Amino acid sequence: PLLLTHKNFTQLRNRHSKIMRTIVVTRSIPAVLASLYSKLSIADNHKSITIKNEDSFPWDEFLERLINFFNSWGDVMTWHPAIRHYKYEDIYADPLRTHMEMLEFWGLPVEEKNMAKALSQTSKREMLNRMPQGSELGNSRISTKSQAESRVISDNRFRYIIDRLNHDLKYDFGYAFNYDTPYNTAYI
């Protein structure tokens, strides 16, 4: 069985989770926060969040969830017998290789040419081409922002986030969280 979750390990209520072949995917926390803020500010079901008012976004709530996720799964990485970690940024940079590695780890025999075709048919551009014109408007799951538009966190808020990460994060999964950390990269 496969399980996909955004929950901390401690929140899972699956007796098999300790013996499952597990892949943990992380993304730079500032990038996740910027993406969430951008997406929720245009979402029809989050009218109270606006890109023009940074205080309208529940930064601490989402930051706390992300810190807990990193710390929970970071601890699991120290003892779980069958676990692998991938950074979102690495998956984005080389999707075919990383997906093939994941499939091999899970013991799922998929030919590389079939995975390449699947990835090409599910690219962001291809998915937008398949959607009815205008259906992406108001949908927080679809980002059409450019890299320049993705720089949405003020310097003061960004410094606060970095300070919290440096204080509360036990497992950084190889990310460097400092004031020079780039977060508005092309893969938002």
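Which residues touch the most other members of the largest nonpolar core? The points below take up this and related matters for what is a predicted model.

1. Overall make-up. The protein has seven helices and two strands. Along the sequence these elements follow the pattern β-α-α-β-α-α-α-α-α. Of the 188 residues, 40% are buried. Taking contacts between residues at least 6 apart in sequence, 67% join residues at least 24 apart.

2. The largest nonpolar core. This core holds 34 residues, and those that touch the most other members are Ile29, Leu33, Trp73, Ile153 and Leu165. Two or more residues come from each of helix H1 (29-42), helix H2 (59-79) and helix H7 (155-168). The greatest share is that of H2, which gives nine residues. In soluble globular proteins, nonpolar side chains tend to be buried together.

3. Another core, of six residues, lies apart from the largest one. Its members include Ile23, Ala82, Met102 and Phe105.

4. Surroundings of Trp73. Trp73 is one of the residues with the most contacts to other members of the largest core. With neighbours within four places in sequence left aside, Trp73 is in contact with Lys7, Asn8, Phe9, Leu12, Thr22, Val24, Ile83 and Phe173.

5. The strands. Strand S1 (residues 22-26) is mostly covered, with four of its five residues buried. S1 pairs with strand S2 (residues 83-87) in the parallel sense, over five bridges. Within this pairing, Val24 stands opposite His85 in S2. Val24 is also among the contacts of Trp73. In a regular strand the side chains alternate between the two faces of the sheet.

6. Leu2, Trp106, Leu108 and Val110 make a nonpolar surface patch of about 340 Å². Val110 is placed in the loop between helix H4 (95-106) and helix H5 (112-121).

Terms used: Residues numbered from 1 in each chain as written. Predicted model: local features only at pLDDT ≥ 70, side-chain atom pairs only at ≥ 80, totals over all residues. Heavy atoms only, no water. Patch = residues over 30% accessible without salt bridge, like charges linked within 9 Å, V, L, I, M, F, W, Y side chains within 5 Å. Areas by Shrake-Rupley, 256 points an atom, 1.4 Å probe, with all protein chains shown as cover. Salt bridge = Lys/Arg side-chain N within 4 Å of Asp/Glu carboxyl O. Core = buried A, V, L, I, M, F, W, Y, C linked by side-chain atoms within 4.5 Å. Buried < 20%, exposed > 50% of the residue type's maximum accessible area, 1.4 Å probe, protein only. Contact = heavy atoms within 4.5 Å. Pairing = 2+ DSSP bridges.
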